Amino acid sequence: MLRIEKISKTFNPNTITEKIALSDVSLHLAPGDFVTVIGGNGAGKSTLMNCVAGTYPVDEGRIEIAGTDITKWPEHRRAKYIGRVFQDPMMGTAANMQIEENLAIASRRGKRPTLRWSSTARDRDRYRELLAGLRLGLEDRLESKVGLLSGGQRQALTLLMATMAEPKLLLLDEHTAALDPKTAEKVLSLTREIVARQRLTTLMITHNMRDALKFGNRLIMMYGGKILFDIPEEKKKHLEVKDLLAMFEQAAGSELVSDSLLLS
Ligand SMILES: Nc1ncnc2c1ncn2[C@@H]1O[C@H](COP(=O)(O)OP(=O)(O)OP(=O)(O)O)[C@@H](O)[C@H]1O
């Protein structure tokens, strides 16, 4: 479903602030793969997602989604294939618009523009049903402004909006990191449900190693702009955080293990 072939990305090339963010990275995701991505600060995780989403062009390499070469496509064109949720609950939804209006916009993503903007009774029934699935009581608040929702409710809504047009690829960039632990757990289990129900191919960045092991069927670890490990389901199932740390320490040296964020 996603084929990343030998991509590289250097920021500010040939200057004193030059930074190689991705170096010759290849990654293939089969349909329905749910891959968790871990790595310390500056490892290249967000750059990988940004290159896939088209936020930044790659310097070299090729990116395919569902067999289509999208390497040269601008971000807005890729949006019909990709759903994305960011860390900041303020992103991804329009605060001044109602829940219903936000859902109407999301349901039209990737479709031809239409003159009809108002939702039909049938649309509203569908929105209520989808919102009920979040189990946050939002199904009775279609007309509430999104800005009134809590961070967790807003992230759950963003997740719903990112997935309602059934994207070929779902990108989750630390989407629960700004939430309190209980809310984060709730949004993560919703994530698992939605991904499983729609069999979505998913990349999820997390700084939490327990979550990286608990969710998804594959785990990749990035370091210095490269993929250090790609752990398949069978192996991942039997790993604990201490095993991951030992593997990373062996491959990358103790510098990595002292990275406090990786240990969170
Ligand atoms: N727009 C940019 N301009 C310049 N340098 C950048 C830019 N984006 C990322 N970088 C640099 O590229 C490297 C990789 O950054 P990236 O954000 O991909 O890391 P990360 O693994 O997501 O880290 P974190 O966990 O801290 O978010 C870092 O050294 C970062 O400073």
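Biologist: Where does asparagine 12 sit?

Modeller: Asparagine 12 is in the loop between strand E1 (2–11) and strand E2 (19–29). Keep in mind that this is a predicted model.

Biologist: What's the phi of asparagine 12 like?

Modeller: Positive, about 45°, although asparagine 12 is not a glycine. Most residues other than glycine have a negative phi.

Biologist: And is asparagine 12 buried or exposed?

Modeller: Asparagine 12 counts as exposed, because 9 other C-beta atoms lie within 10 Å and the cut-off for exposed is 12 or fewer.

Biologist: OK, what about arginine 135, where is that?

Modeller: Arginine 135 is in the loop between helix H4 (121–132) and H5. Phi of arginine 135 is near 55°, again a positive value in a residue other than glycine. Arginine 135 has 13 other C-beta atoms within 10 Å, so it comes out as partly exposed.

Biologist: Switching to the ligand. Which residues are around the ligand?

Modeller: Phe11, Asn12, Lys19, Ala21, Gly39, Asn41, Gly42, Ala43, Gly44, Lys45, Ser46 and Thr47.

Biologist: Which element gives the most to the shell?

Modeller: H1 does, with 3 residues. E2 and helix H1 (45–53) each supply at least two residues.

Biologist: How many residues of H1 are buried?

Modeller: 8 of its 9, so to speak a mostly covered helix. The buried ones are Lys45, Thr47, Leu48, Met49, Asn50, Cys51, Val52 and Ala53.

Biologist: What comes just after H1?

Modeller: Glycine 54, which takes a positive phi of about 90°.

Biologist: Now the sheet. What's the strand order?

Modeller: E6-E7-E8-E3-E9-E10, an open sheet of 6 strands with mixed pairing. The edge strands are strand E6 (82–85) and strand E10 (226–231), each pairing on one side only. On average, neighbouring strands are turned by 20° against each other, direction ignored.

Biologist: How do E3 and E8 run, parallel or antiparallel?

Modeller: Strand E3 (residues 34–38) and strand E8 (residues 201–205) run parallel, joined by 4 bridges.

Biologist: What is the bridge partner of phenylalanine 34 in E8?

Modeller: That's threonine 202.

Biologist: Which strands does helix H5 lie across?

Modeller: Helix H5 (residues 151–163) lies across E6 and strand E7 (169–173). Relative to E6, H5 runs at about 170°.

Biologist: Zooming out, how many helices and strands does the protein have?

Modeller: 10 helices and 10 strands. The radius of gyration is 19 Å, close to the 18 Å that the globule rule gives for 264 residues, so the protein is as compact as a globular protein of that length.

Biologist: What box do the C-alpha atoms fill?

Modeller: Roughly 60 × 40 × 35 Å, taken along the principal axes.

Biologist: And what share of the residues counts as buried?

Modeller: 41% of the 264 residues.

Biologist: Last one: among contacts between residues at least 6 apart in sequence, what share joins residues at least 24 apart?

Modeller: In this protein, 69% of those contacts do.

Technical notes
Residues are numbered from 1 along each chain as its sequence is written. This is a predicted model: local features need pLDDT of at least 70, side-chain atom pairs count only at pLDDT 80 or more; totals for chains, interfaces and linings use all residues. Two strands pair if DSSP finds at least two bridges between them. Axes are lines fitted to C-alpha atoms, for helices over the stretch in contact, and angles run from 0 to 180 degrees between N-to-C directions. Two residues are in contact if their C-beta atoms, placed from the backbone, lie within 7 Å. A residue is buried if 20 or more other C-beta atoms lie within 10 Å of its own, exposed if 12 or fewer, and partly exposed in between; C-beta atoms are placed from the backbone. A residue is near a molecule or strand if its C-beta atom, placed from the backbone, lies within 6 Å of it. The radius of gyration is taken over C-alpha atoms; the globule rule is 2.2 Å times the number of residues to the power 0.38.
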